[in-house]
Amino acid sequence: LYSYTVNTIKFYRQKYCTQLCTQEFLIEKCKCQESFSPSYGDAKFCSNQSETECVRANYIKYHQNETLY
């Protein structure tokens, strides 16, 4: 994700890279990406209640266990 960050915004920002890590995790778990973080890859944006609930639950899970990822 470091390379993706540098290629996308032309320099490295830890916050942006961290947001991409979260987005990648959410795409893996929910098969969609949430709209309040940087777009990553070609995954569709979450568009219904079940996808939104999946994102919310896994966003919390990810940030509670950040050291594991």
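Me: What kind of model is it, and how are residues numbered?
Reply: It's a predicted model, where local features need pLDDT of at least 70, side-chain atom pairs count only at pLDDT 80 or more, and totals for chains, interfaces and linings use all residues. Residues are numbered from 1 along each chain as its sequence is written, and side-chain values use heavy atoms, with hydrogens and water left out.

Me: What's the mean pLDDT of the protein?
Reply: The mean is 83, and 84% of the residues reach 70 or more. pLDDT is the predictor's confidence in each residue, from 0 to 100.

Me: Which element has the lowest mean pLDDT, and which the highest?
Reply: Helix α1 (residues 2–9) has the lowest, at 70, and α3 the highest, at 93. Where pLDDT is low, the predicted coordinates should not be read in detail.

Me: How many helices and strands are there?
Reply: Three helices and zero strands, running α-α-α from the N terminus. Helices (H or I, at least four residues) and strands (E, at least two) are DSSP runs, numbered from the N terminus.

Me: How much of the protein counts as buried?
Reply: Of its 69 residues, 33% count as buried. Buried means under 20% relative accessible area, exposed over 50%, and partly exposed in between (1.4 Å probe, protein chains only).

Me: OK, on to α3. Which of its residues are buried?
Reply: E51, C54, V55, N58 and Y62. They cover an arc of only 100° around the axis, which puts them on the same side of α3. That arc is taken from the directions from the helix axis to the C-beta atoms.

Me: And which exposed residues are on the face turned away?
Reply: That face of α3 carries Q49, R56 and Q64.

Me: What covers the buried side?
Reply: The cover over the buried residues of α3 includes α2 (14–30).

Me: What span should α3 have?
Reply: Its 16 residues (49–64) should span 22 Å at 1.5 Å a residue, and the end C-alpha atoms are 23 Å apart, which agrees. The expected span is 1.5 Å times one less than the number of residues.

Me: How many aromatic pairs does the structure hold?
Reply: One. The rings of F25 and Y62 have their centres 5.0 Å apart and their planes at 45°, so the pair is tilted. It links F25 in helix α2 with Y62 in helix α3, 37 residues apart. For the cut-offs, rings of Phe, Tyr and Trp (its six-membered ring) pair if their centres lie within 6.5 Å; planes under 30 degrees apart count as stacked, over 60 as edge-to-face and the rest as tilted.

Me: Is F25 buried or exposed?
Reply: F25 is buried, with a relative accessible area of 7%, and Y62 counts as buried at 7% too.

Me: Back to E51. What is it in contact with?
Reply: Leaving aside neighbours within four places in sequence, E51 is in contact with C32, K44, F45 and C46. Contact means heavy atoms within 4.5 Å. E51 and C30 are 21 residues apart in sequence and 6.3 Å apart in space, C-alpha to C-alpha.

Me: New topic: where is K31 found?
Reply: K31 is in the loop between α2 and α3, and counts as exposed at 59% relative accessibility. Its phi is near 65°, a positive value in a residue other than glycine. Most residues other than glycine have a negative phi.
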